[in-house]
Amino acid sequence: MVAKVIDGRAVARQVREECRVLTAGLVARGVTPGLAVVIVGDDPASKVYVANKVKACTEVGLHSKVYAFPADTPDTVVEAEIHRLNADPAVHGILVQLPLPAHYDGPRVLAAISSDKDVDGFHLYNVGALVQGETLFPPCTPFGVQKMLEYENIPIEGQNVVVVGASNIVGKPMALMLMRKDATVCICHAKTRDLAQFTILADILVVAAGRPNLILPQMVRTGAVVIDVGINRLPDGRLVGDVDFEGVRQKASYISPVPGGVGPMTVTMLVHNTVMAAQRAAAAG
Ligand code: NAD
């Protein structure tokens with residue numbers, strides 16, 4: 001069996017086109033969806049991510065603005081800016097680019113974002129809502145994975161899902177979202193003993209560990225769906241995921257590549273969440 005490669009760029013294009021149509025409708029009613037991006041410090045990778053988010057917004061017709069602060073800015077100043085943005089009706093989504101400087105109380109800064117504008121879905125209210133099964137803003141990366149599965153008509157109900165990685169931004173919300181779709185979900189992490197004994201049971205394997213070549217063909221069931229969230233830069237400069245792509249491709253039924261898989265979906269779902277926030281604000285106002 002040779003897997004079908006899931007084209008994340010194509011799925012992202014489709015979702016962005018849907019967002020573009022919705023945005024045009026909102027603009028016609030006098031509401032331009034707006035995203036505020038708060039970035040603190042000058043981490044080069046964060047700057048690239050922020051530039052990509054702004055570009056994606058512009059392409060779809062959203063308004064976006066970056067609020068950049070030097071690394072030594074007191075977190076109270078950033079929180080005050082977030083409160084101002086919470087009250088600004090032209091801003092429908094607010095995101096704080098992570099990581100924040102080490103001296104910041106990260107959870108407190110994220111908690112300052114109004115849960116109605118929390119398009120990254122990291123506010124405790126939205127995390128709690130996700131646990132209960134309903135959230136305003138599903139976190140963008142796992143939301144993107146879910147959209148990729150839907151796009152390929154891959155059934156989730158009753159499937160064995162194994163999520164490798166238990167972070168707050170990918171692994172845990174991914175597990176909750178697929179549980180909500182009635183999958184049987186197992187979460188593995190760095191302390192899991194004998195990872196392969198779990199991964200081999202997966203009908204759908206989602207890998208988000210940040211370890212190149214973590215998943216080898218012998219760890220994957222023939223016919224499994226394999227979604228690789230990992231992004232790793234090798235010493236030779238190549239960008240790879242966490243899965244041995246060429247090896248696992250010979251066994252899986254579907255596989256997502258890196259680059260060109262989950263990556264383009266993450267930014268796209270941020271745009272989607274912002275358009276949804278604007279739609280809700282327009283309906284309320
Ligand atoms: P993280 O470091 O916060 O969490 C990694 C998780 O993987 C932890 O739960 C850890 O216990 C687990 N892990 C580490 N080594 C493991 C091992 N050997 N076996 C099993 N589990 C192991 O990372 P994160 O923020 O969740 O990101 C994970 C990966 O996904 C990274 O490569 C990151 O760059 C990538 N990522 C990609 C996107 C995207 O848009 N494609 C978005 C977010 C993160």
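The model is predicted, so keep the ground rules in mind: local features need pLDDT of at least 70, side-chain atom pairs count only at pLDDT 80 or more, and totals for chains, interfaces and linings use all residues. Residues are numbered from 1 along each chain as its sequence is written, and side-chain values use heavy atoms, with hydrogens and water left out. Helices (H or I, at least four residues) and strands (E, at least two) are DSSP runs, numbered from the N terminus.

**The ligand site**

- The ligand has 20 residues around it, and the closest are Ala 166, Ser 167, Ala 190, Ile 231 and Thr 266; a residue is near a molecule if one of its heavy atoms lies within 4 Å of it.
- Sorted by class, that shell holds 11 nonpolar, eight polar and one charged residues. Ala, Val, Leu, Ile, Met, Phe, Trp, Tyr, Cys and Pro count as nonpolar, Asp, Glu, Lys and Arg as charged, and the others, Gly among them, as polar.
- Helix H10 (residues 262-284) gives the most to the shell, with three residues.
- For polar contacts (pairs of N or O atoms within 3.5 Å), one to look at is a ligand oxygen 2.8 Å from a polar backbone atom of Ala 166.
- A backbone N or O atom of His 189 sits 3.4 Å from a ligand nitrogen, and an N or O atom in the side chain of Arg 211 is 3.4 Å from a nitrogen of the ligand.
- On its own the ligand exposes 850 Å², and the protein buries 72% of that (areas by the Shrake-Rupley method with a 1.4 Å probe).

**Domains**

- The chain's domain assignment gives domain 1 (30-116) and domain 2 (140-262); such bounds come from an automatic or database assignment.
- Their C-alpha centres lie 29 Å apart.

**Helix H7 and Met 177**

- In H7 (residues 171-180), the buried residues are Gly 171, Pro 173, Met 174, Ala 175, Met 177 and Leu 178. Buried means under 20% relative accessible area, exposed over 50%, and partly exposed in between (1.4 Å probe, protein chains only).
- Those buried residues pack against helices H5 (124-132) and H6 (140-151), plus strands E5 (160-164), E6 (184-188) and E7 (204-207); contact means heavy atoms within 4.5 Å.
- Met 177 counts as buried because its relative accessible area is 5%.
- Setting aside neighbours within four places in sequence, Met 177 is in contact with Leu 130, Pro 138, Pro 142, Phe 143 and Gln 146.

**Glu 81**

- Glu 81 belongs to helix H3 (residues 75-87).
- Glu 81 counts as buried because its relative accessibility is 17%.
- Not counting residues up to four places away in sequence, Glu 81 touches Tyr 67 and Phe 69.

- Leu 98 and Pro 99 are joined by a cis peptide bond, with omega about 5 degrees. Pro 99 is in the loop between strand E4 (93-96) and helix H4 (106-111).
- Another cis peptide bond joins Val 258 and Pro 259, with omega about 0 degrees. Pro 259 is in the loop between strand E11 (254-255) and H10.
- Asn 153 has a positive phi, near 55 degrees, though it isn't a glycine. Asn 153 sits in the loop between H6 and E5 and is exposed, at 67% relative accessible area.
- Asp 182 also has a positive phi, near 70 degrees, in a residue other than glycine. Asp 182 is found in the loop between H7 and E6 and is exposed, at 51%.

Conventions. A polar contact is a pair of N or O atoms within 3.5 Å; within protein, one must be able to donate a hydrogen and the other to accept it, and residues adjacent in sequence count only if both atoms are side-chain atoms.
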